[in-house]
Amino acid sequence: MYTFIICFAALVASYFVYGKFIERIAGVDEAIETPVHRLADGVDYMPMSKIKNFLVHFLNIAGLGPIFGAIQGALFGPAAFLWIVFGTIFIGSIHDFFSGFMSLRNDGLTMPEIISKFLGGTVQKIVAVLIVLTGVLVAATFATGSAELLASLTSVPTIIGLVVFFVYFLTATLFPIDKIIGRVYPIFGALFLIMAILMTGALILNPAYTIPEFTTQGLYLTEKSIFPYLFVTIACGAISGFHASQSPIVARCIQTEKDARPVFFGAMVLEGLTALCWAAIAMAFFHGQPQLAVIYGAAPSVGVNEMAVTLLGPIGLILTVIGVVICPITSGDTALRSSRITLADTLQLNQEKLHSRLKLAVPLFLVAFALTFVDFSLIWRYFAWVQLIIATVVLFAASVFLIQKGKHYFVAFIPATACTLIVFGYISQAPEGLMLPSMIANAISIIATVVIAILFLKKYRKTSSDA
């Protein structure tokens, strides 16, 4: 319990301390006009309030990520608490803040266009493909998890749920952002938070459950090593490149740069808090039980339902439907929306007309729907690895952004190298990767990371000095 409280307090404090430090380094300036004031188009560039942008962005980046990932990560024991806290503060929040802030400073452009400016056209093309792929994977993953849970709670067949969800996806993606997303997301975002608060409170007040400490024995229930598997299992609750695809959506609606910290840094901290709560709930609820081991690598929706109903009764059932069925669906539509605007920016296609949006949206939806018939665990693992590659590239771009401004670039460069290490470490030894022995895989990841870091510094620090 004390471990949980300390970690929770550290995350909250990071917003006020480290968040302000990052804000100063970035050079936030209220006098600079944001894109929405110059480029309003009635579809994607629409002014919204700070609280609405915050809740919309939070729901965009959250969805099932901080729930499913944290529950599966609970298999690694209290080490998951440390990854969530340090990952959120020093990697995830930095990534989210600068992905949003760089978009704010560059007409609300999507990440591939930002990458092109700081890292070149070749990297841009790779990131564009990965962001579109990630958006499609997120839509497929979240729709599948929600439809399966809905089927387990009701008599609605999974395929019917999927069809309904994808009809909604198409509608919300095509409509102007203030018509559906701007109106309902703040409500669902608040309900998503209420679910986590009530679940955590019910757990703490119930003497039958105890949130473990770092010293608790016998909680490590998986044969998988902490590095790199924990760092990929808990993605959205610590660091996720998927967030970079969502940042421009809100960057096009922010009215002043002072909103960057609460919207981007703040939403990531709140997602870290949400992941921390769900990891604690899973550890306490399934402590010593084989059910938690079964959840790893599979859709843990049934586990969520069991915990919610046991802890909160009928209210838990309602919250499960809202928090694990409805809310993830709202992340799915923005995932596909970000894929649409990424393609539009890359191909320089105007999106003011409905038929123009349909040309890009329909193929994306068909691919995403087809992926719902693929094994959930396989989609989730590939999604987790691909989004980490995107996060790594975005952090390197943020490093160049700061180098060019003569700022303390290490706040982005160090997280970028950490992510590089995880990317190589995972794909080198994972079953869906090269399947190398861990010692060899870790050695390769260290060497590759050092080489990339040296080449990066040699190129971009020298370029900045020459300029």
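**Exercise 1. Cysteines**

How many disulfides does a search of the whole structure find? Determine also where the sulfur of Cys277 and that of Cys419 stand relative to other cysteines.

*Solution.* The structure is a predicted model.

Step 1. The search of the whole structure returns zero disulfides.

Step 2. Take Cys277: the nearest cysteine sulfur belongs to Cys7 and is 11 Å away. A disulfide requires two cysteine sulfur atoms within 2.5 Å, so Cys277 is in no disulfide.

Step 3. Consider accessibility. Cys277 has a relative accessible area of 8% and is buried; Cys419, at 0%, also counts as buried.

**Exercise 2. The surroundings of helix α7**

Explain why helix α7 (residues 111-119) is described as largely enclosed by the rest of the structure. Then describe the residues Asp107 and Gly120.

*Solution.* 

Step 1. Identify the buried residues of α7. They are Met111, Pro112, Glu113, Ile114, Ile115, Phe118 and Leu119.

Step 2. Compare with the length of the helix. Seven of its nine residues are buried, and therefore α7 is largely enclosed by the rest of the structure.

Step 3. Examine what follows the helix. Gly120 comes after α7 and has a positive phi, near 105°.

Step 4. Examine the loop between α6 (79-104) and α7, where Asp107 is placed. Asp107 is a residue other than glycine, yet its phi is positive, near 60°. With a relative accessible area of 35%, Asp107 is partly exposed.

**Exercise 3. Backbone geometry elsewhere**

Which two residues does a cis peptide bond join, and what is phi of Gln348?

*Solution.* 

Step 1. Most residues other than glycine have a negative phi, and most peptide bonds are trans.

Step 2. Inspect omega. The cis bond joins Phe227 and Pro228, with omega about 5°. Pro228 is found in helix α11 (residues 226-233).

Step 3. Inspect phi. For Gln348 the value is positive, near 55°. Gln348 lies in the loop between α16 (314-347) and α17 (354-371), and is exposed, with a relative accessible area of 73%.

**Exercise 4. Aromatic pairs**

Classify the pair of Phe4 and Phe8 and the pair of Phe118 and Phe401, and state where these residues lie.

*Solution.* 

Step 1. A pair of aromatic rings is described by the distance of the centres and the angle of the planes. The count for the structure comes to 26 aromatic pairs.

Step 2. For Phe4 and Phe8, the centres are 5.9 Å apart and the planes make an angle of 45°, which gives a tilted pair. The two residues are four apart in helix α1 (residues 2-16), and so about one helical turn separates them. Phe4 is buried, at 5% relative accessible area, whereas Phe8, at 31%, counts as partly exposed.

Step 3. For Phe118 and Phe401, the centres are 5.8 Å apart with 90° between the planes, an edge-to-face pair. Phe118 lies in α7 and Phe401 in α18, so the pair ties together parts that are 283 residues apart in sequence. Both residues are buried.

Step 4. Phe118 and Phe401 form one aromatic cluster with Phe97, Phe98 and Phe101.

**Exercise 5. Pockets and cavities**

*Solution.* 

Step 1. The largest pocket holds about 410 Å³ of space. Of its 17 lining residues, those closest to the centre are Leu119, Val123, Val393, Phe396 and Ile452. Helix α20 gives the largest share, five residues.

Step 2. The search of the whole structure finds two cavities of 30 Å³ or more.

Notes. Residues are numbered from 1 along each chain as its sequence is written. This is a predicted model: local features need pLDDT of at least 70, side-chain atom pairs count only at pLDDT 80 or more; totals for chains, interfaces and linings use all residues. Side-chain values use heavy atoms; hydrogens and water are left out. On a 1 Å grid over the protein atoms alone, a cavity is a set of points where a 1.4 Å probe fits but cannot get out, and a pocket is an open set with protein on both sides within 12 Å along at least five of seven lines; lining residues have an atom within 4 Å of a point. Grid points are joined across faces, edges and corners, and a volume is the space filled by probe spheres set on the points. Buried means under 20% relative accessible area, exposed over 50%, partly exposed in between (1.4 Å probe, protein chains only). Rings of Phe, Tyr and Trp (its six-membered ring) pair if their centres lie within 6.5 Å; planes under 30 degrees apart count as stacked, over 60 as edge-to-face and the rest as tilted.
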